[in-house]
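Visitor: I am new to this one and would like to talk through its disulfides. May I have a look at it before we start?

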Amino acid sequence: MRSLCRRYIVTALVGIVGAAASAVPAGAAPSPLVVDQARADELVSLAGADQATFGGVSVDEAGNVLTIRYAPGRLAAARSKVGPSAAGQGGRGWRVDLVPVSHSLAELDAVRQRVGRWRPGGGSLSEWYVDVTHNRVAVGVTELSPRLVAAARAEFGDRVALHQAARANRASRNADWKPWAAGIRITSGGTACTAGFFVEVPGTPATRRMVTSGHCFANAAVVSNNGVSIGTVTSRTLTDNGKDVEYVLGTFTPWTYKGPSTSDYGDTIRGTKASVVGQTFCTNGAFGGEVCSGTVDATNLCVLMTDGITTCSLDRLVSGGGVMTRLGDSGGNVFTYDAAGLKIGGMIVAMSPGGTTTYFHPAAAVTPMGWRVSVG
């Protein structure tokens with residue numbers, strides 16, 4: 001995950017208020033209909049638009065079944081609305097089952113909105129939504145108790161079911177989770193750097209390694225994000241007249257945060273971009289954030305660093321005065337966009353004292369022979 005905003009995590013332990021909603025007797029169910037797979041979304045949209053008639057839709061992909069629930073007394077209306085899109089079609093299709101339920105979507109959505117204003121004592125709301133498979137409103141609370149269950153029953157009857165669920169944490173550069181993304185803050189032994197991007201043997205995601213700067217952590221160091229281990233340094237290079245790079249073994253996804261240092265959004269990595277004089281890149285460190293003011297003005301440099309080690313195979317980005325890179329951005333990626341999407345240009349290694357010049361290894365220089373940058 002991923003969309004532009006990262007995913008949410010919720011852990012739930014279920015406690016039910018009342019029994020599951022019982023089906024409304026409505027005589028024999030109509031004969032199953034069939035909808036062409038290409039038109040299945042039409043029925044989903046139709047059911048969502050007429051909430052007084054319908055009670056929700058669910059799908060069984062393994063069985064190729066689309067279940068459409070209808071409210072009490074609405075069988076004829078439901079069949080007439082569904083019929084034009086699903087009327088005994090042949091060929092590849094999904095079976096459409098019309099199933100009676102006790103509550104319409106309109107009724108349950110009204111309850112859902114009431115829940116959003118409900119303030120039960122002794123427990124905080126964490127989530128609430130229409131549970132179409134059970135025909136009720138599911139309500140998550142941070143602490144579940146018999147008193148809360150009784151309060152929910154008194155307020156909403158059998159239309160609500162409580163369960164325990166922690167409030168979701170929005171993922172960010174500073175608090176990511178497995179599979180880990182690029183652009184996050186990484187630490188070990190009191191040192192903080194940035195996850196750059198990932199490399200792998202083509203066709204073998206299990207070989208995937210995170211790329212970051214070799215001066216960040218010792219070989220075999222355990223690397224963490226927000227106190228949670230993300231992996232171990234498996235190989236490291238920091239030699240005079242050589243490169244400054246290391247690789248971390250873990251579970252990673254080819255997606256990178258971008259934006260400010262507190263960012264909770266990013267983009268999928270789609271490939272690499274060659275670094276040549278005149279090419280523009282954004283620097284993307286976990287501390288300095290995304291800064292899109294750099295232009296390559298020199299390539300294949302050897303630079304004597306303040307630690308006395310000369311690092312080679314570096315390209316140089318200059319900004320014309322603006323700060324691009326800050327302490328802790330080492331290992332972060334530089335990227336740009338083309339028609340295919342976000343492309344990695346390389347990995348940040350060093351900066352000028354004011355942060356207006358950035359030195360980076362091009363992606364090709366830190367991708368092992370026979371490997372490639374991981375893409376999504």
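Visitor: Is the link of C282 and C292 left-handed or right-handed?

Guide: The link of C282 and C292 is right-handed, with 105 degrees about the S-S bond. Please note that this is a predicted model. The sulfur atoms of C282 and C292 are 2.0 Å apart.

Visitor: Which cysteine does C193 form a disulfide with?

Guide: C193 pairs with C216, and their sulfur atoms are 2.1 Å apart. This link of C193 and C216 is left-handed, with -100 degrees about the S-S bond. C193 lies in strand 11 (residues 191–194), while C216 lies in the loop between strand 13 (204–212) and strand 14 (222–225), so the pair ties together parts 23 residues apart in sequence. C193 is buried, with a relative accessible area of 3%, and C216 is buried too, with 6%.

Visitor: What does C302 join to?

Guide: A disulfide joins C302 to C312, with 2.0 Å from S to S. The link of C302 and C312 is right-handed, with 110 degrees about the S-S bond. C302 is in strand 20 and C312 in strand 21 (residues 310–318). C312 is buried, at 9% relative accessibility.

Key: Residues are numbered from 1 along each chain as its sequence is written. This is a predicted model: local features need pLDDT of at least 70, side-chain atom pairs count only at pLDDT 80 or more; totals for chains, interfaces and linings use all residues. Side-chain values use heavy atoms; hydrogens and water are left out. A disulfide is a pair of cysteine sulfur atoms within 2.5 Å. Helices (H or I, at least four residues) and strands (E, at least two) are DSSP runs, numbered from the N terminus. Buried means under 20% relative accessible area, exposed over 50%, partly exposed in between (1.4 Å probe, protein chains only).
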